[in-house]
Every structure is written in C-alpha cells, then in structure tokens.
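Student: I would like to go through this model feature by feature. Please give the general idea each time, then the case at hand.

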Amino acid sequence: MTSLDTDTDDKAGVTIRCQDNASVGVTLCDRFRLDADCVHYAVELRAPGLTARVDEAVAWVRDGGLPAFLEGLAADYRGWDGERRRQTDDGDLAVSAVWRSGGHVGLTWTLRPWPRAAGGWSASATTWLEAGEQMTSLAADVRRFLAEERG
C-alpha cells in the first residue's frame, strides 16, 4: 500500500507500507532542490526493532532514476526472473526487486550512508506490494514527489 501524503508542515512525502506486515515501511520525505539538476530527499525505514534514516539521497534530473525503475517493474506485472536493482549515484539508497508467484513484488530498500567511509552502516527493509495496481500507484507517487515544485 502506498500513499502520497502531506503532513501539517505542508511537506509532501511518499509512504510505502508492506502489505504482509504494516509495521514495515519506507517513507520518502523532506524534499528540497538546490539547483535545477537534482532533487534531495530523506529516506526513512521502519520495521520492528529498526528505525533508520538517510537525510540526503539525491535524484538527478538527467536520468529516469527511481521513478523509471518502479515504472518498469509495474509494466512487468506478469513477473520476471531474478533480481532487479537500482541505486542512487552516491550509493546512499539501493532498491532491489524480486517477483513472487501470486503477483507480488518484494522491494528491498537499503540505506547505506557514506558507503565508502570506514565505520559506515547499512539497514534494509523489504516491502511487499501487488505487482499491478500498487506498483503503478507507487511509481506515479514517487514521480510526483520528486518532480514537485515547492514555493
């Protein structure tokens, strides 16, 4: 289940909740733009016993990035073999996808700030969504979130 939410501070965010366990989720939030070339945003993971956040993932305008990756998964709702993967240029956020019978997609969201620094950390959570409508909705919500202009 996904939703494009607006909180009381008028900052949009996308929340993805696992259909198998609603206590597992991912939120894209706190979006800002320093220039026309890229969008910065935070990513938060939640699962029983886990809370993790990367404050500044970067989406470059020059490529399709995460929205295009999710749209490709939604278009292949009948399934695929193996794992598909996408990560930000700096490696702070990686998303891998697997398809399971019954028409569900498992998205594993991995946060790894400072991936090349000694003493870094990583955290992952997997959300399961329906391959058709839920994936299509997620892709559209993420595209809107990353494209939104704020005054």
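Tutor: Start with accessibility: a residue is buried under 20% relative accessible area, exposed over 50%, and partly exposed in between, using a 1.4 Å probe and protein chains only. By that rule Asp55 is exposed, because its relative accessible area is 51%. Across the protein chain, buried residues make up 44% of the 151 residues.

Student: What kind of model is this, and how are residues numbered?

Tutor: This is a predicted model, in which local features need pLDDT of at least 70 and side-chain atom pairs count only at pLDDT 80 or more, while totals for chains, interfaces and linings use all residues. Residues are numbered from 1 along each chain as its sequence is written, and side-chain values use heavy atoms, with hydrogens and water left out.

Student: How many helices and strands does the protein chain have?

Tutor: Helices (H or I, at least four residues) and strands (E, at least two) are DSSP runs, numbered from the N terminus. The protein chain has two helices and nine strands. Their order along the sequence is β-β-β-β-β-α-β-β-β-β-α.

Student: How should I read the length of H2?

Tutor: The expected span of a helix is 1.5 Å times one less than its number of residues. H2 has 15 residues and should therefore span 21 Å, which agrees with the 21 Å between its end C-alpha atoms.

Student: Which residues of H2 are buried?

Tutor: The buried residues in H2 are Gln134, Met135, Leu138, Ala139, Asp141, Val142, Phe145 and Leu146. Viewed down the axis of H2, these buried residues fall within an arc of 165°, so they line one face of the helix. The arc is that of the directions from the helix axis to the C-beta atoms.

Student: How is a pocket defined, and how much space lies in the largest pocket?

Tutor: On a 1 Å grid over the protein atoms alone, a pocket is an open set of points where a 1.4 Å probe fits, with protein on both sides within 12 Å along at least five of seven lines; lining residues have an atom within 4 Å of a point. Grid points are joined across faces, edges and corners, and the volume is the space filled by probe spheres set on the points. The largest pocket holds about 340 Å³ of space. Two or more lining residues come from each of strand S4 (38-47), strand S5 (50-60), helix H1 (65-75), strand S6 (84-87), strand S7 (93-100) and helix H2 (133-147).

Student: Which residues lie nearest the centre of the largest pocket?

Tutor: Of the 21 lining residues, Ala59, Trp60, Gly64, Pro67 and Leu146 lie nearest the centre. Leu146 is also one of the buried residues of H2. For residue classes, Ala, Val, Leu, Ile, Met, Phe, Trp, Tyr, Cys and Pro count as nonpolar, Asp, Glu, Lys and Arg as charged, and the others, Gly among them, as polar. The lining divides into 12 nonpolar, four polar and five charged residues.

Student: How many salt bridges does the structure hold?

Tutor: A salt bridge is a side-chain nitrogen of Lys or Arg within 4 Å of a carboxyl oxygen of Asp or Glu. The structure holds seven. One of them pairs Arg53 with Asp30, with the closest N and O atoms 2.6 Å apart. Arg53 is in strand S5 and Asp30 in strand S3 (residues 25-35), so this pair ties together parts that are 23 residues apart in sequence. Arg53 also forms a salt bridge with Asp55, where the closest N and O atoms are 2.4 Å apart. Arg53 counts as partly exposed, at 31% relative accessibility.

Student: What about Asp76 and Arg84?

Tutor: Asp76 and Arg84 form a salt bridge, their closest N and O atoms being 2.7 Å apart. Asp76 is partly exposed at 31% relative accessibility, and Arg84 is partly exposed at 27%. As for a network, salt bridges that share partners join Asp30, Glu44, Arg53 and Asp55 into one.

Student: What is the phi of Asp30?

Tutor: Asp30 has a positive phi of about 50°, although it is not a glycine. Asp30 is partly exposed, at 29% relative accessibility.
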